[in-house]
2 protein chains.
Amino acid sequence: MSKEKSIIGIDLGGTFIKFGLFDGEGNLKEKWQIRTRTESNGKWILSDIGVSVSERIRAAGLTMDDLAGIGIGVPGPVLKDGTVNRCINLGWGVVQVKEELQKITGFRNIFVANDSNVAALGEMWKGAAKGHSNVVMVTLGTGVGGGILINGKIVHGAFGAGGEIGHINISESETEPCSCGNRGCLEQYASAPGIVRMAKKELAESNRVSALRDKQFITAADVMDAAGNGDSIARGVKENVAKALGRALANVAAVVDPEIFVIGGGVANAGDILMEAVQRHYRQMVFHASQDTEFAFAQLGNDAGIYGAARLTLCKD
Amino acid sequence: MSKEKSIIGIDLGGTFIKFGLFDGEGNLKEKWQIRTRTESNGKWILSDIGVSVSERIRAAGLTMDDLAGIGIGVPGPVLKDGTVNRCINLGWGVVQVKEELQKITGFRNIFVANDSNVAALGEMWKGAAKGHSNVVMVTLGTGVGGGILINGKIVHGAFGAGGEIGHINISESETEPCSCGNRGCLEQYASAPGIVRMAKKELAESNRVSALRDKQFITAADVMDAAGNGDSIARGVKENVAKALGRALANVAAVVDPEIFVIGGGVANAGDILMEAVQRHYRQMVFHASQDTEFAFAQLGNDAGIYGAARLTLCKD
């Protein structure tokens with residue numbers, strides 16, 4: 001690829017579509033976002049993307065010929081041919097993202113991958129996992145997403161489900177169902193709603209004093225803040241989050257044994273109090289050879305998706 | 001590589017060292033084995049290998065110059081530089097297998113990998129996973145070994161622990177320790193000794209009639225045979241083996257989402273009765289996208305190791 005050519009990285013989310021215009025060396029030149037129109041089963045999303053890209057390209061004094069590639073991360077399983085199989089947040093069933101975007105833009109060099117995998121790629125390229133090529137990223141937010149990179153490349157999976165770490169089963173005894181229909185998934189413990197769910201359960205089952213009892217609505221951040229202040233109920237919940245995550249990541253290590261785990265998403269804002277506990281539980285449970293896996297917090301925040309999507313266009317397969 | 005050149009594949013086990021002489025297209029021309037001398041911390045093993053290779057090469061009318069490569073699978077974690085970190089079965093601590101074998105044989109093109117990973121490579125090349133490039137193999141024997149192939153290449157892992165499927169944690173409630181020191185590893189349920197352990201426990205805890213009560217020594221094969229004959233205690237144990245394996249493989253799928261699972265090792269001789277139950281439990285527990293992963297029994301038996309070791313010499317990294 002010529003260094004003068006530009007790259008577009010797109011992070012397609014359920015609320016916003018984020019865009020980044022990069023130079024050929026991966027420097028972010030400009031970023032913008034538009035709302036995601038999820039009405040009518042998201043039928044306008046891809047044409048909205050096409051319009052926004054061509055408008056900005058023109059405004060930047062460029063044409064499509066000045067682009068080396070367009071990369072896009074989507075919130076669902078992506079098959080090898082760039083087909084997406086069900087994105088609940090977008091209202092999509094089966095959508096040929098790559099093919100349709102090629103038609104809409106008249107541009108061929110389009111790369112599609114799952115958003116969590118793409119975020120991992122972004123962190124490897126320009127963030128917390130720089131210098132590594134075997135990376136596992138876990139994103140703790142409304143759900144729990146995961147991305148696996150082996151030899152610098154995304155593990156997409158045969159059915160687009162590579163890195164679905166949120167649905168690793170970590171409990172035999174869970175009685176409530178996960179959003180996926182199973183019981184005992186990591187997501188039920190380490191997502192923001194999972195943390196709130198556990199806190200409410202603890203508050204209902206015990207009479208202990210807790211700052212959380214004064215809140216009308218409890219958020220995951222409230223729980224982590226209270227844990228930091230020594231609140232015993234909140235600390236118990238924090239330990240359970242860390243134990244669930246440590247157990248799941250120990251199982252991930254028994255499969256791909258990465259160099260580094262990168263933890264991102266809103267829940268990661270809890271910081272060291274969470275990180276210390278996750279590593280402690282991980283080391284207790286992991287196979288001895290993998291005791292020394294590195295841990296780091298994600299560094300790119302909301303930009304991981306556009307960085308990773310841009311990097312996607314530089315992958316050779 | 002010239003097609004006329006030959007390849008040596010070596011499977012280094014705790015009792016025997018197996019050798020295969022292959023032509024450049026992977027046809028097995030000759031195989032032989034020698035005993036593994038584990039005395040004196042296995043210090044003779046590599047020189048025994050060197051002697052055996054050069055003797056056979058000469059006997060076949062070849063010289064070392066006629067070899068394209070030598071591949072070897074070893075029963076322990078292997079780092080990128082071909083160093084092995086602790087092989088309990090061989091009495092080894094840290095051994096520079098690649099470097100030492102290069103010195104002993106005077107031959108440079110030597111490739112070293114973990115034996116379970118190598119067996120997976122063999123099954124992909126010439127066995128049950130032919131035509132696939134994203135493969136997970138699990139070997140149920142004295143222990144539970146695993147091998148992961150992504151895009152046709154072994155996932156060695158940062159600490160040589162890629163594919164340590166036997167040490168995926170699948171039970172929170174286990175009280176007995178695994179050989180690795182943890183509690184609740186797959187190996188405690190799906191290895192031959194694990195099956196015998198569960199059967200003895202069931203027999204002790206219940207008064208139900210069982211053909212297993214007549215045996216002085218129970219083997220895993222006895223348990224599976226009795227399960228096939230409708231013995232209710234043995235059937236319960238078989239369901240527990242299958243549930244443990246189904247659960248662990250569902251977790252593996254949430255990480256690498258392979259095209260196919262290959263099941264090998266002595267326990268796999270139980271055949272369809274085990275396979276049906278494993279797939280049933282897998283489908284109940286796996287993330288919905290990966291419902292249709294293929295399952296197959298290994299086809300190369302004890303030769304998987306020499307085939308995979310030969311194939312290792314053809315890998316580009």
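## Shared surface

In chain A, 100% of the interface residues are also interface residues in chain B, so the copies meet through the same surface. The model is predicted. Chain A contributes 44 residues to the contact, and chain B likewise contributes 44 residues.

## Symmetry

Two copies of a chain are related by a rotation about an axis and a shift along it.

## Buried area

The size of an interface is often given as the accessible area lost when the parts come together. Between chain A and chain B, about 3600 Å² is buried, and carbon and sulfur atoms give 55% of this area. On the side of chain A, the residues that lose the most area to chain B are Phe159(A), Val255(A) and Phe287(A); together they account for 19% of what that side buries.

Across the interface of chain A and chain B, 21 residue pairs are in polar contact, with both residues at pLDDT 80 or more. The count of salt bridges between the two chains is zero.

## Elements and composition

Three elements of chain A each supply at least two residues of the side that touches chain B: strand E9 (144-150), helix H8 (232-256) and helix H9 (272-285). The largest share of that side comes from H8(A), with seven residues. By class, the side of chain A that touches chain B comprises 20 nonpolar, 16 polar and eight charged residues.

Methods. Residues numbered from 1 in each chain as written. Chains lettered and ligands numbered in written order. Predicted model: local features only at pLDDT ≥ 70, side-chain atom pairs only at ≥ 80, totals over all residues. Heavy atoms only, no water. Contact = heavy atoms within 4.5 Å. Buried area = accessible area lost by both parts, 1.4 Å probe. Salt bridge = Lys/Arg side-chain N within 4 Å of Asp/Glu carboxyl O. Polar contact = N/O pair within 3.5 Å; in protein donor to acceptor, adjacent residues only side chain to side chain. Helix = DSSP H or I, 4+ residues; strand = E, 2+ residues; numbered from the N terminus. Nonpolar A, V, L, I, M, F, W, Y, C, P; charged D, E, K, R; others polar.
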